[in-house]
Every structure is written in C-alpha cells, then in structure tokens.
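Me: Hi! I have a structure open here and would like to talk it through with you. Could we start with what counts as a pocket?

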Amino acid sequence: MHTSYIFITTSIFLILISLATQSNASTSIAHHKNAYFGTATEFLAPHNAARAALRMPPLIWDARLANYAQWYANQRRYDCELRHSNGPYGENIFWGSGDGWTPAQAVFDWITERKWYDYWSNSCYGGEECGHYTQIVWSRTRRIGCARVTCDDGRGVFMTCNYDPPGNFNGERPY
C-alpha cells in the first residue's frame, strides 16, 4: 500500500510538471522575448504540485513578494549573477544560459533536489544541494512571489522566487 501511494503521488507530480512545462512551451513567448516575465500560474503550479505530493497546503501568490522579486531580478538583469538578495524572505534563484527558460523549468530544477534530501537526518546526501527543494516544501511557508528577467548582452535568464514566512532554519525539518 505504501509503495502504491508513493508511485501514485510521484506520477501525479510528474504529470503536473509535464503539463505546466508543455503549457509554458506553447505560450511562453506571447510577445517579444524580452517582455516575457512569467505568470503567477507558471511559477505556482510546479511549486504546489511538489507540496501536494506531501499533502502540504498550496502556496498563494502575493503581489508584495512578486514586486520584491521583480525589483531584485531587475538588479541582476545587468550581470545575471547567482547572488541572493539577502532580504527578509526565503529565496530561490536560478540562472540559465540562452533566453528560452520558463518558470516551470526553473522550479523543476529546484524540485529535483528532492533526491538529495534525507528526511531522517534532515540533511542533504553527499554534500549535494537540497535547500531549494526544502524551501519549496517548508510547512510554515504560505505565500510566494516570483520574477523572471532576460539578462542584458545575452547573459541568459535569471529567475527568483521569494517565500514568506521563510524556511530552511538550522535544526528544523521542512515538514
């Protein structure tokens, strides 16, 4: 029974990610590529699919967090550096070369860190990164706001999501 549950929730999760990515692929560049910032749904759907797989409540879009994320993404537009804002929120950042990266692809990249998270030791396996994933599924986090920018001079795409309340506190489990 337990194995069936894991298979079903993983399958549902992968289907939702696939649908979000397919939807983004066909609608991501409705206008000029530099005008595409990503929509709330494109960021929210994969976040909430990951949370649903753990029976966690969905995150809700917060305009204040989205404005903060856009403000910070605009700062990174000039250099596209993977540098955190060090603001008052939890934060995941993403960079990809080229200009075709979608919000679902960035979130999927963070979610794939799930394979490195060991719940029982509350740590990442083998020195791998898993903090992006644990922020996404942090049980006390309720609100999210994200942004996407195409960086200047062909430097790629930068995306950031901010979370409130923040997660990833030392010694605490995400769920």
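Reply: Happy to! On a 1 Å grid over the protein atoms alone, a pocket is an open set of points with protein on both sides within 12 Å along at least five of seven lines. Please keep in mind that this is a predicted model.

Me: Good to know. How much space lies in the second largest pocket?

Reply: The second largest pocket holds about 170 Å³ of space. It is lined by 14 residues, and those closest to its centre are Y117, N122, T134, N168 and E172.

Me: Which elements supply at least two residues of that lining?

Reply: Those are β4 (123-124) and α5 (131-136).

Me: And what is the lining of the second largest pocket like by class?

Reply: There are six nonpolar residues, seven polar ones and one charged one.

Me: Let me zoom out. How many helices and strands does the chain have?

Reply: Five helices and six strands. Along the sequence they follow the pattern α-α-β-α-β-α-β-β-α-β-β. The chain has 175 residues, and 43% of them are buried. Of the contacts between residues at least 6 apart in sequence, 70% join residues at least 24 apart.

Me: Now the sheet. In what order do the four strands come?

Reply: The order is β1-β5-β6-β2, in an open sheet with mixed pairing. At the edges are β1 (60-61) and β2, each pairing on one side only.

Me: Which strands pair in the parallel sense?

Reply: β1 and β5 do, over two bridges. There, W61 stands opposite I144 in β5.

Me: How many bridges join β5 to β6?

Reply: Eight bridges join β5 (residues 143-150) to β6, and the two strands run antiparallel. T150 stands opposite V157 in β6, while A147 is opposite T160. The two strands make a hairpin with six residues between them, and D153 in the turn has a positive phi of about 55°.

Me: What about β2 and β6, how do they run?

Reply: Antiparallel too, with seven bridges joining β2 (residues 90-96) to β6. G90 faces Y163 in that pairing, and W95 has F158 as its bridge partner.

Me: Why is β6 said to be largely enclosed?

Reply: Eight of the eight residues of β6 (residues 157-164) are buried, so the rest of the structure largely encloses this strand. In a regular strand, side chains alternate between the two faces of the sheet. Both faces of β6 are covered, with V157, M159, C161 and Y163 buried on one side and F158, T160, N162 and D164 buried on the other.

Me: Nice. Is β5 mostly covered or mostly open?

Reply: Mostly covered: seven of the eight residues in β5 are buried.

Me: On to the packing. Which residues touch the most other members in the largest nonpolar core?

Reply: That core has 20 residues, and W110, I136, I144, C161 and Y163 touch the most other members. The elements giving two or more residues to this core are α2 (40-52), α4 (103-111), α5, β5 and β6. There is also a second, separate core of nine residues, which includes A73, C80, A147 and F158.

Me: Back to W110 for a moment. What does W110 touch?

Reply: Leaving out residues up to four places away in sequence, W110 touches H47, N92, I93, F94, H132, Y133, I136, M159, C161 and Y163.

Me: Why does G38 count as partly exposed?

Reply: Because G38 has a relative accessible area of 24%, and partly exposed lies between under 20% for buried and over 50% for exposed.

Me: And which residues does G38 touch?

Reply: Setting aside residues up to four places away in sequence, G38 touches F43, P103 and R148.

Me: Great, thanks for the tour!

Terms used. Residues numbered from 1 in each chain as written. Predicted model: local features only at pLDDT ≥ 70, side-chain atom pairs only at ≥ 80, totals over all residues. Heavy atoms only, no water. Buried < 20%, exposed > 50% of the residue type's maximum accessible area, 1.4 Å probe, protein only. Pairing = 2+ DSSP bridges. 1 Å grid on protein atoms, 1.4 Å probe; cavity = no way out; pocket = protein on both sides within 12 Å on 5 of 7 lines; lining within 4 Å. Points joined across faces, edges and corners; volume = space filled by probe spheres on them. Nonpolar A, V, L, I, M, F, W, Y, C, P; charged D, E, K, R; others polar. Core = buried A, V, L, I, M, F, W, Y, C linked by side-chain atoms within 4.5 Å. Contact = heavy atoms within 4.5 Å.
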